[in-house]
Amino acid sequence: MIRSIFTVGGWTLLSRLTGFVRDIVMAAVLGAGPMADAFYIAFRLPNHFRSIFAEGAFNTAFIPAYARVKTVEGEVKARCFADGILTGVVLVQLAILAIALLATDWVVATLAPGLSDDPGRFTLTVDFTRITFPYLGLIAVVTLVGGVLNANDRFWAAAAASILLNVAMVGTLSVAGLFPSAGHAAAWGVLISGFLQLGLLVFDAERHGLGLRFGRPRLDPETRAFLIALGPAIIGSAGVQLAIFADTIIASFLPQGAVAALFYADRINQLPIGVVGIAAGIVLLPEMSRRIAAEDFDGARFSQSRAIELTLLLVLPFLAAALTIPEIIMRGLFMRGAFTAAAAAEAGATLAAYGIGLAPFVVVRAFMSPFYARGDTRTPVLATLGAAVINIGLKVLLMGTFAQVGLAFATSVGGWITVLVLALLARWRGYECGDAQLLRALPRLGLILAALAATLFATATVAPPWLSVLAYGRDETLLALCVAAGGAVYAVLALTLFGRRYLVGLLRGRR
């Protein structure tokens, strides 16, 4: 399991790195003005629906169901089950696409009402949404094929697919002069990437005998169980995405640049979430599903605890950096071209607010896995919806005073509430939720975090006067110095407090 987490995390890291290249190009070409706001809203619309219906709800319901069918009834039955689901997914996505394309104006006016007073941004958002929305249907099929691959312990293709999104967008932005605007170039890059991602996963599935075919949907017991689990999963994913999408709705009422600041801050925040948290969740779910199906409850608890321990250990550098040097991160990565110092300051403050919730963001999937592995998608709905209500209420209260920074802070509060409620519900139901080894590791993790934060703060305070002699690259050099100093302290403390044998045992999954 740990090796698979590093496989997924490695490909996801490469995806995030290419994503940074994409974001640097986008920041230089689009900047943080009206066209950027319009594109980011248009990009978020299909992505929110994707997170609800595809990657969010679908994976949590499909992977345990597929794993159970394969374990109990064999490969042939599992293939028939997946083929029938494929047909249903395609039909549903075609219907959603038709409605969205026919009513794009209404969709944008409903989901981003603040744009109604800005005809220019509204028109651009509608145009870009019509281009990007078919991406949702393509990614829904990508998610299904990826779920089949993951359930068969093949993780690399699904983890690497998003690299193609970055490559396609950089490609179209590089020839933006061929399009009506840079925003149109970015939107077409999104759509092209959907076809590329689907092609990659289909190729890998066919290569390993896991290719899907259109089959007649059957309402057999397996499919009914999947649909019963899918309903609450959609509601739960919708609760999470509703809170996130509230950022887009509320930010559309804020001054120009707020949406862009949220976007760039969220991109940095999503690096550890994707590389560490989501990677662990992707691997942990089928692992726990198999162990619980075999009634190996101690093994399931051990797997969950080591996944939480590993994710917390790996996320500490990101957490310390987000809380202590957020503006330096934004200046070093993005401040060039149309991305100004003022935009970096706004995005940095937003990143710090997101950083408050980084720890629960990376472990939330591990806390959900005991429920999903048992086919229980209802219980997590209680946690996610309750947190979403508080989250959205805080956003409304804070938007007037703190603008997009208040929105990010409310999202972080929602993350903490979700994890705490999930832990309480798991304990109440007698599910796996950590072990003694994990509890012993927490104080050491806290000490590493404090030392990292102090090191980064000291470097950011002491180094700038020495860098004043540089004519160019001061921000990039300062960021590199912070990374070097923090990395050295992190490595020394991790080896000192945990020990080489412990770390090697953790990475090898030893009990």
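This is a predicted model: local features need pLDDT of at least 70, side-chain atom pairs count only at pLDDT 80 or more; totals for chains, interfaces and linings use all residues.

Reader: Which helix is L271 found in?

Author: L271 sits in helix 10.

Reader: And is L271 buried or exposed?

Author: L271 has a relative accessible area of 10%. The cut-off for buried is under 20%, so L271 counts as buried.

Reader: OK, switching to pockets. What's the volume of the largest pocket?

Author: About 580 Å³. Its lining has 23 residues, and P317, F318, A321, I329 and V483 lie nearest the centre. F318 is also one of the contacts of L271.

Reader: Which elements give two or more residues to that lining?

Author: Helix 10 (258–293), helix 11 (297–324), helix 12 (326–334), helix 16 (436–467) and helix 17 (474–498). Helix 17 has the largest share, with six residues.

Reader: How do the lining residues of the largest pocket divide by type?

Author: 20 are nonpolar and three are polar, with no charged residues.

Reader: What about the second largest pocket, how much space lies in there?

Author: About 440 Å³. The second largest pocket is lined by 24 residues, with I85, G88, V89, F226 and L227 nearest its centre. Helix 2 (34–73), helix 3 (75–102) and helix 9 (221–251) each give two or more residues to that lining, and helix 3 gives the most, 10 residues.

Reader: And how do those residues divide?

Author: Into 15 nonpolar, four polar and five charged.

Reader: Back to helix 11. Where does helix 11 bend?

Author: At V315, by about 45°. A proline, P317, follows within four residues, and P317 is among the residues nearest the centre of the largest pocket.

Reader: How does the end-to-end distance of helix 11 fit its length?

Author: It agrees: at 1.5 Å a residue, the 28 residues should span 40 Å, and the end C-alpha atoms are 40 Å apart. Also, 20 of the 28 residues of helix 11 are buried, so this helix is largely enclosed by the rest of the structure.

Reader: Last one: which residues of helix 12 are buried, and what covers them?

Author: The buried ones are P326, I328, I329, M330, G332 and F334. Their cover includes helix 1 (2–30), helix 10, helix 11, helix 13 (341–355), helix 16 and helix 17.

Methods: Residues are numbered from 1 along each chain as its sequence is written. Side-chain values use heavy atoms; hydrogens and water are left out. On a 1 Å grid over the protein atoms alone, a cavity is a set of points where a 1.4 Å probe fits but cannot get out, and a pocket is an open set with protein on both sides within 12 Å along at least five of seven lines; lining residues have an atom within 4 Å of a point. Grid points are joined across faces, edges and corners, and a volume is the space filled by probe spheres set on the points. Ala, Val, Leu, Ile, Met, Phe, Trp, Tyr, Cys and Pro count as nonpolar, Asp, Glu, Lys and Arg as charged, and the others, Gly among them, as polar. Buried means under 20% relative accessible area, exposed over 50%, partly exposed in between (1.4 Å probe, protein chains only). Contact means heavy atoms within 4.5 Å. The expected span of a helix is 1.5 Å times one less than its number of residues. The bend at a residue is the angle between axes fitted to the seven residues ending there and the seven starting there. Lists of a residue's contacts leave out its neighbours within four places in sequence.
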